Amino acid sequence: ELDASGDLEHRRIAAPRTAANMPEITTGVEFDTVAREWRCKWSEEDDKASLQQLQELLNELAPAIKATPGVKNVHRMVCGACLDFKIITAVSAENFGEWEKSEFAPEKEFLEKAAEIPGVSKIETQTITMMPV
């Protein structure tokens, strides 16, 4: 865009993420995203009622999860063969510390309610870093 003098107007643009300004685990292993995974096993009993209830619980908490500052995406993964149910919430590396201070809200609510569902077992969490290749 030209300014009144005919010169291109200079706008402040955020610097792109480069290896020089990204967190790194070790040389060459940078990341720009940190994700929290909530996972458990469900049962095929009662026509997969535990899986249905886990999905209902996710539907209930999805607005709060998506409202997490810096959220990039929320994925639900289900494996019918090994009976996994996983929710992975990815946030920008800059925002992760604040979410961690909130104990990954609404993680506690999800874990407690999932534990009450008959047929749900092996409830775990994990923090992982992510980077496009």
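In β5, Val78 has Phe85 as its bridge partner, and Cys79 stands opposite Asp84. These residues belong to a predicted model, in which local features need pLDDT of at least 70 and side-chain atom pairs count only at pLDDT 80 or more, whereas totals for chains, interfaces and linings use all residues. Residues are numbered from 1 along each chain as its sequence is written, and side-chain values use heavy atoms, with hydrogens and water left out.

Strand β4 (residues 71-79) pairs with β5 in the antiparallel sense over eight bridges; two strands count as paired if DSSP finds at least two bridges between them, and the elements themselves are DSSP runs numbered from the N terminus, helices being H or I with at least four residues and strands E with at least two. Four residues lie between the strands of the β4 and β5 hairpin, where Leu83 takes a positive phi near 65°.

## The four-stranded sheet

The open sheet has four strands in the order β4-β5-β3-β6, with antiparallel pairing. Its edge strands are β4 and β6 (121-130), each of which pairs on one side only. Neighbouring strands of this sheet are turned against each other by 15° on average, direction ignored; the axes are lines fitted to C-alpha atoms, for helices over the stretch in contact, and angles run from 0 to 180 degrees between N-to-C directions.

Within this sheet, β3 and β5 run antiparallel and are joined by nine bridges, and Val34 stands opposite Val91 in β5. Strand β5 is mostly covered, since eight of its nine residues are buried, where buried means under 20% relative accessible area, exposed over 50%, and partly exposed in between (1.4 Å probe, protein chains only).

## Lys86 and Glu37

Lys86 is placed in strand β5 (residues 84-92) and is partly exposed, with a relative accessible area of 21%. Not counting residues up to four places away in sequence, Lys86 touches Glu37, Trp38, Arg39, His75, Arg76 and Met77, a contact being heavy atoms within 4.5 Å. Lys86 and His75 are eleven residues apart in sequence, and their C-alpha atoms are 8.0 Å apart in space.

Glu37, found in strand β3 (residues 33-41), is buried at a relative accessible area of 8%. Leaving aside neighbours within four places in sequence, Glu37 is in contact with Lys86, Ile87, Ile88, Glu124, Thr125 and Gln126. The side chains of Glu37 and Arg39 are joined by a polar contact of 2.2 Å; such a contact is a pair of N or O atoms within 3.5 Å, of which, within protein, one must be able to donate a hydrogen and the other to accept it, while residues adjacent in sequence count only if both atoms are side-chain atoms.

## Helices on the sheet

Helix α2 lies across β3, β5 and β6, running at about 115° to β5. Helix α3 (residues 107-115) packs on the sheet and touches β3, β5 and β6, its direction making about 155° with that of β6.

## Aromatic cluster

A search of the whole structure finds four aromatic pairs; rings of Phe, Tyr and Trp (its six-membered ring) pair if their centres lie within 6.5 Å, and planes under 30 degrees apart count as stacked, over 60 as edge-to-face and the rest as tilted. The ring centres of Phe96 and Trp99 are 6.4 Å apart and their planes stand at 85°, so this pair is edge-to-face. Both residues lie in helix α2 (residues 93-101), three residues apart, about one turn of the helix.

Phe96 is buried at 9% relative accessible area, and Trp99 also counts as buried, at 5% relative accessibility. Trp99 forms a further edge-to-face pair with Phe104, at 5.2 Å centre to centre and 90° between the planes. Phe104 is likewise buried, with a relative accessible area of 7%, and ring pairs link Phe96, Trp99 and Phe104 into a cluster.

## Confidence

The mean pLDDT of the protein is 88, and 84% of its residues reach 70 or more, pLDDT being the predictor's confidence in each residue, from 0 to 100. Over residues 1-20 pLDDT stays under 50, and the model has 14 contacts beyond four places in sequence for this stretch. Where pLDDT is low, the predicted coordinates should not be read in detail.
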